[in-house]
Amino acid sequence: MTTLNQAVLSPAGAGHEAIAFGRHTIRITADQTGGSLGCFEAEVPAGEGPPFHVHEKEDEFFRVLSGHFAFWCNGTRVEATEGGLVVVPRGALHRFQNIGDSTGHLMVVMTPGGFEGFFPAVASEDTPSIDRICQIGERFNLRFVFDAAEAA
């Protein structure tokens with residue numbers, strides 16, 4: 001891992017693509033930033049989004065690049081459209097959903113970095129089961145919450 005003492009550039013169109021839960025483009029990795037952050041972009045089809053989940057050790061910053069999204073965080077719902085920003089604190093029960101009529105795009109920054117490796121890890125599996133995805137998630141401090149009572 002390098003020390004973050006210089007600017008890190010991800011030129012337009014750059015990044016490593018991972019097809020897992022839609023298309024994710026890994027733009028900047030924790031290895032490039034001395035662990036301080038990771039950044040990826042997500043294409044989210046209309047009506048789609050992850051189930052409720054918790055990032056145990058990372059704060060998560062979303063910038064809506066295009067589309068209309070709803071975000072739920074610890075029982076509160078907010079909406080954001082192009083240019084909108086949402087920050088979710090570590091340990092928060094949250095999810096998001098594209099509530100628009102077309103594919104939306106998000107830029108996501110996680111701090112500290114490392115979570116951006118989750119999508120390539122899932123993509124490297126041949127049709128992983130939900131249990132396997134949850135196991136992979138544990139490696140990246142991610143816990144899915146499927147119990148509706150806990151997510152309420």
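**Exercise 1.** Is C39 buried or exposed?

Solution. The model is predicted, with local features needing pLDDT of at least 70 and side-chain atom pairs counting only at pLDDT 80 or more, while totals for chains, interfaces and linings use all residues. Residues are numbered from 1 along each chain as its sequence is written, and side-chain values use heavy atoms, leaving out hydrogens and water. The classes are buried (under 20% relative accessible area), exposed (over 50%) and partly exposed (in between), with a 1.4 Å probe and protein chains only. C39 has a relative accessible area of 8% and is therefore buried.

**Exercise 2.** State how many disulfides the structure holds, and treat C73.

Solution. A disulfide is a pair of cysteine sulfur atoms within 2.5 Å. The structure holds 0 of them. For C73, the closest cysteine sulfur is that of C39, at 20 Å, which is too far for a bond. C73 has 22% relative accessibility, so this residue counts as partly exposed.

**Exercise 3.** Describe the largest nonpolar core.

Solution. Such a core is a set of buried Ala, Val, Leu, Ile, Met, Phe, Trp, Tyr and Cys residues joined through side-chain atoms within 4.5 Å. The largest has 28 residues, and those with the most contacts inside it are F62, F71, L106, F115 and F118. Elements giving two or more residues to this core include β5 (59–66), β10 (104–111) and α1 (118–123); helices (H or I, at least four residues) and strands (E, at least two) are DSSP runs numbered from the N terminus. The largest share, 4 residues, comes from α1.
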